[in-house]
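Have the coordinates open as you read.

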Amino acid sequence: MKLVKIILLCVACFATNVHAQDLKILVNKKGKVGFADANGNEVIKCVYESVNPFSDGIAIVTKSKKKGIIDTSGTVLLPISYDQISKWTDELFLVKKGKKVGLANKQGKIVLDVKYSHISKLNTYGKALLALGGKQVTTQGETYFMKAKYGVIDAKGTILITPQYVGLYEFSFNGAGVLPFNEGKRLEFSYHTIKDTLKTDCSYLGFSKNMLNIYRAGLMDSTGRELVKMGLYDFIMYPSENMVRYYNAKRKKTICGYHNIETGKGIQVAEFKNGINEFNFWSHGDFRGGVAPVNGSAWSFVDKAGNVVRTGFSALKYSFVTEKWAAQNQSGTWDVFD
């Protein structure tokens, strides 16, 4: 009996899809638009100013300069009251009323309230930027929202990061070879133009009250849980083994250290008499295998408590294949260890 029901359901779905594909756009003598069957018979009355062809059994229609969504029977699924409707994913539509946008599904249900100023396109990781409020500004051909509050949603329209941050930044700046960072990902400044998409999977994000600067940003995870308080450090790097590499930059001094996400405590491991823009050497590196390299009069290795576990090296190498360190000692030979 169950098998028979399944077969009948499949046949019904197939018939519905065929019917939708058979419906053709029809324009009457008054210029009104509807749909006709394969024989040219009007099946959805010509009462619309314009329509889109049916896709997956639904069509976007326009009436009195407002848009909505109907099914193949002509039933209105999404009220014809929106200024714009466009496909956002295979399952969701971006809908707009006035200056506000939201998301609706194929069944006509609003899944994200129409109260936001901007929703970006999804990136390859299924994440999109969500903006609340702000004033639309165009500078040098790029449009963004001044003083908007930003958050993040997923492909289902679920809010992952509540839009409450004027400054919301991704770890998308590649620090490889850029001193003093030399490796890893740093926060990258962006004022989020309306053409932008997010660049990362948003596992970690920086946040601040300043939409124009990553300086003294805090750190949050993909759920919006704040891991490092805003203003605690001047510059932070992408976490490695739950340790956040940081820099506190003074005019003629730079303090380097790590923040332990698990304990919530920071440790200072080095201090240099250089402004951060004056570095011509690598200061300290990411944690790998429970230790991290720190520069000074010689290279040392520290553990997550800040204890020096090895020291006295003049050069370092790390293999991602073997996951081992190579360090040149004072005699010029290389020690290899994990």
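Glutamate 323 sits in the loop between β30 (315-319) and β31 (324-328); strands here are DSSP runs of E with at least two residues, and helices are runs of H or I with at least four, numbered from the N terminus. Although glutamate 323 is not a glycine, its phi is positive, about 55°. Its relative accessibility is 55%, so it counts as exposed, where exposed means over 50% relative accessible area, buried under 20%, and partly exposed in between (1.4 Å probe, protein chains only).

A word on the ground rules: this is a predicted model, in which local features need pLDDT of at least 70, side-chain atom pairs count only at pLDDT 80 or more, and totals for chains, interfaces and linings use all residues. Residues are numbered from 1 along each chain as its sequence is written, and side-chain values use heavy atoms, with hydrogens and water left out.

The pLDDT, the predictor's confidence in each residue from 0 to 100, averages 91 over the chain, and 94% of the residues score at least 70. Over residues 1-18, however, the pLDDT is below 50, and beyond near neighbours in sequence this stretch has one contact in the model (contact means heavy atoms within 4.5 Å).

Glutamate 241 also has a positive phi of about 55° without being a glycine, this time in the loop between β23 and β24. At 31% relative accessibility, glutamate 241 is partly exposed. For another backbone feature, look at the cis peptide bond between leucine 179 and proline 180, with omega about 5°; proline 180 belongs to the loop between β18 and β19 (185-188).

A nonpolar core is a set of buried Ala, Val, Leu, Ile, Met, Phe, Trp, Tyr and Cys residues joined through side-chain atoms within 4.5 Å. The largest one has 31 residues, and Leu187, Leu219, Ile236, Tyr247 and Tyr258 have the most contacts inside it. Elements giving two or more residues to this core include β18 (167-174), β24 (243-249) and β25 (254-260), and β24 gives the most, with five. Leaving aside residues up to four places away in sequence, isoleucine 236 touches residues including Phe171, Leu187, Leu219 and Val244.
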